[in-house]
Amino acid sequence: PAGPITATWSQLSSGDFLRPETIETLFYLWRATGDEVYREWGWNMFRAFEQWTRLPDGGYATVSNVNSAPPQLANKMESFWLAETLKYFYLLFEDDPSVVDFDEWVLNTEAHPLPIWGSPADKKARARLARRRLVATKARKRREAEEAALQEMETLHTETRQARQNAPKGEPLDREGYGLAGLDME
């Protein structure tokens, strides 16, 4: 009989950059198993981030050395903290699995939900896109019609100015400035 499996671990870096991979893993494990231990571990992680990396004036700082208490903080916050890490914390603690239903959605590497091809979410997204395209097409056609009308008005004004300039001196003009010669004024 084989003995117990022993795992070894070595620290490759003393920094913590608020990266999402660990909380992402806990989220997927919780969704796959329903085991509350993953939420408990996630909650401990969140409390540690709150205690050690939250800044008094807002935001969170990366940790340059996790081996000291309090840890040494770096003067930056990575964008993926907001875009991914906090999103996975939210999803881990969301009780309703339909928020990102894995039968309808897949998360890309940046934690953006994308509808699965042919799913109800995909059909709904495609319908929304079709409506947006229709609205955009109507707006474009309306703009084109307005531009054509403005161009026509400009052409008429130009022709009117030319008619005034070319009219014989003393010839009566109508309101728009066209010459009235040749019209029966009775």
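Leu 114 is partly exposed, because its relative accessible area of 41% falls in the range between under 20%, which counts as buried, and over 50%, which counts as exposed. The model is a predicted one, and in it Leu 114 has its place in strand E4, which spans residues 113–115. Together with Val 106 and Ile 116, Leu 114 forms a nonpolar patch on the surface, and the accessible area of these residues together is about 220 Å².

Arg 31 is found in helix H1, which covers residues 21–33, and this residue is buried yet has no salt bridge. The nearest side chain of opposite charge belongs to Asp 101, at 6.3 Å, whereas the backbone oxygen of Val 100 is reached by the side chain of Arg 31 at 2.7 Å. When neighbours within four places in sequence are left aside, the residues in contact with Arg 31 are Asp 96, Pro 97, Val 100 and Phe 102.

For the protein as a whole, four helices and four strands are present, and along the sequence they follow the pattern α-α-β-β-α-β-β-α. The following table gathers values for the protein.

| Property of the protein | Value |
|---|---|
| Buried residues, as a share of the 186 residues | 22% |
| Contacts joining residues at least 24 apart, among those between residues at least 6 apart in sequence | 42% |
| Accessible surface | about 13900 Å² |
| Share of the accessible surface belonging to carbon and sulfur atoms | 56% |

Conventions:
Residues numbered from 1 in each chain as written. Predicted model: local features only at pLDDT ≥ 70, side-chain atom pairs only at ≥ 80, totals over all residues. Heavy atoms only, no water. Helix = DSSP H or I, 4+ residues; strand = E, 2+ residues; numbered from the N terminus. Buried < 20%, exposed > 50% of the residue type's maximum accessible area, 1.4 Å probe, protein only. Lys, Arg positive; Asp, Glu negative; His and termini not counted. Salt bridge = Lys/Arg side-chain N within 4 Å of Asp/Glu carboxyl O. Polar contact = N/O pair within 3.5 Å; in protein donor to acceptor, adjacent residues only side chain to side chain. Contact = heavy atoms within 4.5 Å. Patch = residues over 30% accessible without salt bridge, like charges linked within 9 Å, V, L, I, M, F, W, Y side chains within 5 Å. Areas by Shrake-Rupley, 256 points an atom, 1.4 Å probe, with all protein chains shown as cover.
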